[in-house]
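Have the picture ready and follow along.

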Amino acid sequence: MKVAVSPTAPAVPALSQRLADYVELTKPRIAVMVLVTVAAGYLMATGVNARLIPLLHTLIGTALVAGGASAWNMWVERGTDARMRRTANRPLPAGRLHHIEVVVFGTALAVTGVNYLYHALPSPAAAAVAALTFVTYVAVYTPLKTQTVFNTHVGAIPGALPPVIGWCAATGTVGWDAVALFLVILFWQLPHFMAIAWMYRQDYARAGHRMIPVDDPTGRKTSRSMFAWCVVLVAASLLPLGRGRMDWVYLVGAMALGAFFLRSTLRFRADRTERQARQVLKASILYLPAMMALLLVHSVGCAPAVAPPTGTVRAADISIPVPDFTLTERSGKKVSRDDLKGKVWVASFVFTRCNGPCPQVTATMARLQKELDLKNSSDLRLVTFTVDPDQDTPNDLKEYAARYQADPERWLFLTGMPEAELHKLLHDGFKVTAQRAAKPKLGDEFDHSSRLAIVDKDGNIRGYFDGLRAGSGPDAEADFADNLTQLRAKVTGLLRE
């Protein structure tokens, strides 16, 4: 009796193997380093005002984008990976995963990560930088690896963007300190990856990757490039000193770390062997976390950056001159811009009949009056401009100020300019909204800014802070308290200048 035998079905990988393969697609070791630099960027921006929940949101979103980028990188390089000994056993070249499921997996991670950053953080800046990192890594750098020896230089750009993601998550913008951090990571990668490329140059040659060591049998070009970029890295690490953000301890530490890394590249110039290339690699791996720690300690301990918690507060590092004005104070005396020279002042913009944000903005000013110890601060003023000068007379302002127990000498309430001229002053000078509402209702006649402008002793606007609490609940109160903490720090810093 004959028994029909069906063809043997291909073995289905165990669940644990498939899970391990999906984890491998995300390149977890690289992902960990990416997240360390993201956290460093966030903490350097926030200093002592760092908050755990936004940092966790940033790390989660970035981890998803990084994992998606790595999966796509493996998909693009599945052919070349099969020709390299150190990558031949990856899930795609080994045939353990189908290339379509890798594309779906990588796309899902990247799209989810960018959307997570966009919705979980108050500013879209971090999501935008994360999307830029993904595109430049997958669509620009990866294809260039088989086209030009300068692929490493291009690839260093997405490699240096993760700390900028952290910075943007904290501040909503990119400042010069973020640029300095970006340059340190950028230039660090070049000697780091050239050491790797020298160690695996034969593997890269088999795969068809165009790397400087592949076309450099003697190692002279590789050693020169390592040394030159290490010198540039040391110079870039000193940029924060020019911003007044660091002290002599930082200078000594940065120079010592730079000398340590530089020595390894000099030794490679004298002994262009795989053993010495590995020493350069080790030095680079020690240099980066030490440099990040040095930057972080000084950012937190010496000069923490001001980080807006709500996404709608100030622009960083601005200096906008306030144009000349002469207005009438509630006491009846004239007050001009020149009368405020030599004093730091905080300006708000309200009108007395307002049923919207004005009471809370003025309450914030009243809180500042107490917390800044206005009565005992001879070089500090609070200044409230009415956006409805035609209706708000000095007497109206006097009654309004009395509700908030405003100091008559140091918290000024100004009116007396025709509405059109005043709105032009606020628009063009203070860069804040002030205009009549399209369909005004009683108590809501004006569209105007709830921001507070911080003006230095020379009459230049140096920052903006939100005078409103965004939402309700413990998180909103915590954000608002952070906002006031940073406003007070800004005022204190300007008083010392």
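This is a predicted model: local features need pLDDT of at least 70, side-chain atom pairs count only at pLDDT 80 or more; totals for chains, interfaces and linings use all residues.

Residues are numbered from 1 along each chain as its sequence is written, and side-chain values use heavy atoms, leaving out hydrogens and water.

S348 is one of the residues of β4 that point one way, along with V344, V346 and V350, while W345, A347 and F349 point the other way. In a regular strand the side chains alternate between the two faces of the sheet. Seven of the seven residues in β4 (344-350) are buried, meaning under 20% relative accessible area with a 1.4 Å probe, protein chains only. Strands here are DSSP runs of E with at least two residues, and helices are runs of H or I with at least four, numbered from the N terminus.

Now look to either side of β4. With β5 (380-386), β4 pairs in the parallel sense over seven bridges; two strands count as paired if DSSP finds at least two bridges between them. On β9 (451-455), β4 has an antiparallel partner, joined by three bridges, and V346 stands opposite I454 there.

Step back, and you can trace an open sheet of eight strands in the order β1-β10-β9-β4-β5-β6-β2-β3, with mixed pairing. Its edge strands are β1 (320-321) and β3 (334-336), each pairing on one side only.

Conventions: Buried means under 20% relative accessible area, exposed over 50%, partly exposed in between (1.4 Å probe, protein chains only).
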